[in-house]
Amino acid sequence: MSLQSRAVTMTKQMIQIESTDPGTYENAMADWITTQLAPYPNVRLSRQEVLPGRPNLIAELTGDPSLPALVMICHMDTVVVGDGWTLPPFDAIEKDGKIYGRGACDMKSGLACALTAFKNMVKKVGERGELPEKPFSMICSVDEEDFMRGVEAAIKAGWVTKNDWILDTEPTDGQI
């Protein structure tokens with residue numbers, strides 16, 4: 001299966017997990033991502049309880065800690081389901097080359113792409129049998145759709161620093 005197909009499949013699976021803010025929040029999404037990364041022994045996975053039942057996650061491939069890390073950052077929450085839906089918001093319907101569902105664009109497709117890339121890097125590192133020179137991580141944060149407390153907690157915990165290289169896969173105005 002191609003990386004693109006994997007990302008599309010993951011996007012659909014993620015849309016089916018409600019993570020609205022306010023609403024059900026992100027715990028089920030964090031649990032699902034954890035199960036995706038659990039089979040990889042070379043990934044260090046940490047969970048940070050930001051708010052009750054609302055954990056940030058960081059998945060890391062360690063490297064030289066004195067070097068800047070490449071950090072992919074994504075949020076797990078979506079806005080609530082509003083009026084005007086013509087398709088079920090959590091069914092992840094693919095139609096005319098597009099995926100329809102709550103969070104399809106903001107942010108589950110970007111999160112699926114980041115997770116696909118991270119898992120691919122983990123696989124490549126495992127095949128080589130050595131860790132990357134520079135640290136590589138993926139942060140999955142909570143509360144982006146409200147007060148950004150997840151990102152603030154990740155910074156405070158030192159998960160990301162001013163020297164790191166950051167890739168945020170959230171589109172702005174439909175553009176990456």
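Predicted model: local features only at pLDDT ≥ 70, side-chain atom pairs only at ≥ 80, totals over all residues.
Student: How many helices and strands are in the chain?
Tutor: Read along the sequence, the elements follow the pattern α-α-β-β-β-β-β-α-β-α-β. The totals are four helices and seven strands.

Student: What is the radius of gyration of the chain?
Tutor: The C-alpha trace spans about 50 × 35 × 30 Å along its principal axes. A compact globule of 176 residues would have a radius of gyration near 16 Å, and the chain agrees with this. Its value is 16 Å.

Student: Which residues of α2 make the contact with α1?
Tutor: The axes of helix α1 (residues 3-15) and helix α2 (residues 27-37) come within 11 Å and cross at roughly 150°. On the α1 side, the contact is made by Met10, Gln13 and Met14. By class, the contact has four nonpolar, two polar and no charged residues. The α2 residues are Met29, Trp32 and Gln36.

Student: How far apart in sequence are the parts tied together by phenylalanine 118 and phenylalanine 136?
Tutor: These two residues form a stacked aromatic pair, 5.3 Å centre to centre with 20° between the planes. Both phenylalanine 118 and phenylalanine 136 are buried. Phenylalanine 118 lies in helix α3 (residues 104-128) and phenylalanine 136 in strand β6 (residues 136-141), so the pair links parts whose separation in sequence is 18 residues.

Key. Residues numbered from 1 in each chain as written. Heavy atoms only, no water. Axes fitted to C-alpha atoms, helices over the stretch in contact; angles between N-to-C directions. Helix = DSSP H or I, 4+ residues; strand = E, 2+ residues; numbered from the N terminus. Contact = heavy atoms within 4.5 Å. Nonpolar A, V, L, I, M, F, W, Y, C, P; charged D, E, K, R; others polar. Phe/Tyr/Trp six-rings, centres within 6.5 Å; stacked < 30°, edge-to-face > 60°. Buried < 20%, exposed > 50% of the residue type's maximum accessible area, 1.4 Å probe, protein only. Rg over C-alpha atoms; globule rule 2.2 N^0.38 Å.
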